[in-house]
Amino acid sequence: MTAPLLEVTDLRTHFLTRAGVAKAVDGVSFSLAPGEILGLVGESGSGKSVTGFSLIGLVDPPGRIVGGSICFAGRDLVGLPPEEMRALRGRRIAMVFQDPQATLNPVLTIGQQMALALQAHAWVSDRAAAERAAAMLTRVGIPEAASRLSNYPHEFSGGMRQRVAIAMALLNGPELIVADEPTTALDVSIQAQILAEMKALARESGTALIWISHDLATVSSLADRVLVMYAGRIVESGPVGEVLRAPRHPYTRGLLDSLPAMAEPGQRLRQIPGTAPSLLALPPGCPFAPRCPRADAACAAPPPPRVESDGRLFLCHHPLEAAA
Ligand SMILES: Nc1ncnc2c1ncn2[C@@H]1O[C@H](COP(=O)(O)OP(=O)(O)OP(=O)(O)O)[C@@H](O)[C@H]1O
Ligand SMILES: [Mg+2]
């Protein structure tokens, strides 16, 4: 087995607000091999984005990493001086956001900003930068890329803009890309196309990918492994096929049941009953217990982690049956 590229151990990112401490990420551990694609799923507010921002060192106050480690290529990123983190970001670790406006500068042409991104980390001539930029735009499916380098972001459609943002992320050949719902705002056919491209690019270049999404269908077609997040914790993880075919955690089951494709024709879409708990005052036991159909008195105590032979891990006192 190859050494992991990324090893996250007991990561805790808390928001110190006036109302109290919101434990947005509270004891998250996972590892990622080079070239591996990891899906990170969960309901809104479960801590997916805060996990992603923690990895790239972009948690804004009042948020703070208060514990744990993020070991990337043998180095702990927690507590790394900001200038060293900046040097890693964009070169060895890149991020794609849901909104490409977060990445793209409206007053520079695409060619100018791609050249800047390349030249920030190495000496590259303008001409070579333009060639690399055009080649990368072509790879993410932008037609006549060379002639589009002189366009500004607003001259691209939403889908094309997101492709440009993805090309920017890929530009320096990063070892890790954190993608936070990058296709959610796009229409379904473009989504599928971008997913296929991202997967091919990750496979070709050996780039590891963390794909954050609330959409299990997307993740099932893309990822090797999946992490299921609830109230700041990973409540189930494992190979994507096994986890989604036969979830052990009732929360994962609930997420699957709320997928449109899972509903019987003519049936209403089911939602997980109840609402996500306040991260300011989590119960001492299983955080999902108040909403869980299987919960009983045992769930007032923290569920111990259980590991199975297929690499599956889950936190539940009363798991669903394993697949036969
Ligand atoms: N700036 C902030 N101030 C206070 N609390 C915050 C802040 N940002 C995030 N949080 C807390 O962190 C929790 C997790 O937020 P996060 O954005 O990671 O959720 P998410 O899983 O990405 O949800 P979504 O699917 O809606 O994007 C929030 O529910 C909130 O309690
Ligand atoms: Mg989010």
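Q: Which element gives the most to the shell around ligand 1?
A: Start with the terms. Helices (H or I, at least four residues) and strands (E, at least two) are DSSP runs, numbered from the N terminus. A residue is near a molecule or strand if one of its heavy atoms lies within 4 Å of it. Here H1 gives the most to the shell, with three residues. Helix H1 (48-55) and strand S1 (6-17) each supply at least two.

Q: How should I read the numbering and the model?
A: Residues are numbered from 1 along each chain as its sequence is written, chains are lettered from A and ligands numbered from 1 in the order written. This is a predicted model, where local features need pLDDT of at least 70, side-chain atom pairs count only at pLDDT 80 or more, and totals for chains, interfaces and linings use all residues, while side-chain values use heavy atoms, with hydrogens and water left out.

Q: How many residues surround ligand 1, and which are the closest?
A: 13 residues surround ligand 1. The closest are Ser44, Gly45, Lys48, Ser49 and Val50. Now sort the shell by class. Ala, Val, Leu, Ile, Met, Phe, Trp, Tyr, Cys and Pro count as nonpolar; Asp, Glu, Lys and Arg as charged; the others, Gly among them, as polar. The shell has four nonpolar, six polar and three charged residues.

Q: Is glutamate 43 buried or exposed?
A: Buried means under 20% relative accessible area, exposed over 50%, partly exposed in between (1.4 Å probe, protein chains only). Glutamate 43 has 19% relative accessibility, so it counts as buried. Its place is in the loop between strand S3 (37-41) and H1. The glutamate 43 side chain makes a polar contact with the side chain of arginine 291, at 2.9 Å. Contact in general means heavy atoms within 4.5 Å. Beyond four places in sequence, the contacts of glutamate 43 include Lys48, Tyr230, Tyr251 and Leu255.

Q: What covers the buried residues of H10?
A: Seven of the eight residues of helix H10 (250-257) are buried. Tyr251 and Leu255 are among them. The cover includes S3, helix H8 (216-222), strand S9 (225-230), strand S10 (233-239) and helix H9 (240-245).

Q: How many residues does the largest nonpolar core have?
A: In soluble globular proteins, nonpolar side chains tend to be buried together. A nonpolar core is a set of buried Ala, Val, Leu, Ile, Met, Phe, Trp, Tyr and Cys residues joined through side-chain atoms within 4.5 Å. The largest has 62 residues; Met114, Leu137, Val164 and Tyr251 are among those with the most contacts inside it. Helix H6 (158-170) gives the most to this core, with six residues. A second, separate core of 31 residues includes Leu5, Val28, Val178 and Ile210.

Key
Polar contact = N/O pair within 3.5 Å; in protein donor to acceptor, adjacent residues only side chain to side chain.
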